[in-house]
Amino acid sequence: MTQTSNYVLKNAKLATMIPESGPYGLITAGAVVVLDGTIQWVGPESDLPASYAKWEARDLDGRLVTPALIDCHTHVVFGGDRAMEFEMRLNGASYEEVARAGGGIVSTVSATRAASLDELVATALPRLDALIAEGTTVVEVKSGYGLDRETELNMLRAARRLGELRPVQIKTTFLGAHATPAEYKGRDDAYIEEVCNPTLHAAHAEGLVDAVDGFCEGIAFMPDQIERVFKVAQELGIPVKLHAEQLSHQGGTLLAAKYGALSVDHVEYATEDDAKAMAQSGSVAVILPGAFYTIREVQAPPIEHFRKHGVPMALATDCNPGSSPMTSLLLTMNMGCTLFRMTPEEALVGVTRNAAQALGLTDVGQIAPGMRADLAVWNVKSPGELAYRIGFNPLHSRIYQGEL
């Protein structure tokens, strides 16, 4: 295959992920027309308009084509690692106990603060490359391990640079309300007012923020504290999202829904009332099985409530050094199915169409005219096989903005 701008993909099985088109939006013998990085036409190859007959044709030999994958919740930029905490948890300490003992998020802060911008980029690239190697073309990257002005800004600068170094779209999220740093211990409110919100203003002024997030939990911040951050985001015209109900029920989901959050993430302890609120606000439930698995949580997210009330469900790696050191969306799909009984179709929707919605994106996540030509070609016979296999990458090729 050459890398020309205009071409037709032929002899392909297309999982378009268009909901009105049946399971997976499947077209068994399909074709896709790409012009200057945008999808122009999609349909059965037998219906391909004659005007495209002389275009370069790329025969995919019956392979499956899906929208390229989207990881809508990651923390891939950070310093150091937390392998020692992994051992602590295996020796009986809970995630909350590790955090209260000075571990958890705060333990990554010193390593991240000590790293230069170049070092943050260099250590994040292998993690990003692992995602790209599985057909991913959009990755959300959060700050939140600096917890001071300059390091938070450096994390966001590093995330932006990743998008310059690799053929991938990076969406940046300011997560200053991730934890209270040691120098503000016991003064959570002061940290929000003196560091978090002023840094959000600075990051926005530098053009570094696509969304604002927070961690609403007993070991982090309460809803009233998060709301002060959300009000600043609202004033600046930045969409919000929230880590909520991961370890307990603190009411973060209702707060997020009140502010029309793009997504509410983790949500293991969310209730049916939370699901109703999310359905009304249009918020996506981002399911993160990697964290559930790693910290050995026992409370599963209320998948049935989300289904019942029509809440879109996305899946993401939550790649981070502590609770989810995972860089595989394919494994995430499998875990969503095996741990939470999501269907393989829900899993694929969760890393394509719904993941795009969780990031506020409307030009990716489906194979349809007008969409960006971000596609993944797989050596599999059916879409369900992507969630079925464990530790196996069947990617044949990845197309980003029309380029192979």
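Guide: Lys142 and Glu140 are both buried (buried means under 20% relative accessible area, exposed over 50%, partly exposed in between, with a 1.4 Å probe and protein chains only). This is a predicted model, where local features need pLDDT of at least 70, side-chain atom pairs count only at pLDDT 80 or more, and totals for chains, interfaces and linings use all residues. Residues are numbered from 1 along each chain as its sequence is written, and side-chain values use heavy atoms, leaving out hydrogens and water.

Visitor: What do the side chains of Lys142 and Glu140 form?

Guide: They meet in a salt bridge, 2.6 Å from N to O. A salt bridge here is a side-chain nitrogen of Lys or Arg within 4 Å of a carboxyl oxygen of Asp or Glu.

Visitor: Which residues share that network with Glu140 and Lys142?

Guide: Asp213 and Lys241 are joined to them through salt bridges that share partners.

Visitor: And how many salt bridges are there?

Guide: The count is 20. One of them links Asp118 and Arg161, with the closest N and O atoms 2.6 Å apart. Asp118 lies in helix H4 (residues 117–132) and Arg161 in helix H5, so the pair ties together parts that are 43 residues apart in sequence. Helices (H or I, at least four residues) and strands (E, at least two) are DSSP runs, numbered from the N terminus.

Visitor: New topic: how many aromatic pairs does the structure hold?

Guide: Six. Rings of Phe, Tyr and Trp (its six-membered ring) pair if their centres lie within 6.5 Å; planes under 30 degrees apart count as stacked, over 60 as edge-to-face and the rest as tilted. Tyr52 and Trp55 are edge-to-face, because their ring centres are 5.0 Å apart and their planes stand at 85°.

Visitor: Is Tyr52 buried or exposed?

Guide: Tyr52 is buried, at 15% relative accessible area, while Trp55 is partly exposed at 25%.

Visitor: Which residues have a charge over their ring?

Guide: Arg58 lies over the face of Tyr7, 3.5 Å from the ring centre, and the charged end of Arg389 sits over the ring of Phe392, 4.4 Å from its centre. The rule asks for NZ of Lys or CZ of Arg within 6 Å of the ring centre and within 35 degrees of the ring normal.

Visitor: Last one: where is Asn334 found?

Guide: Asn334 is in helix H12 (residues 329–340) and is buried at 7%. Beyond neighbours within four places in sequence, Asn334 is in contact (heavy atoms within 4.5 Å) with Ala387, Tyr388, Arg389 and Ile390.
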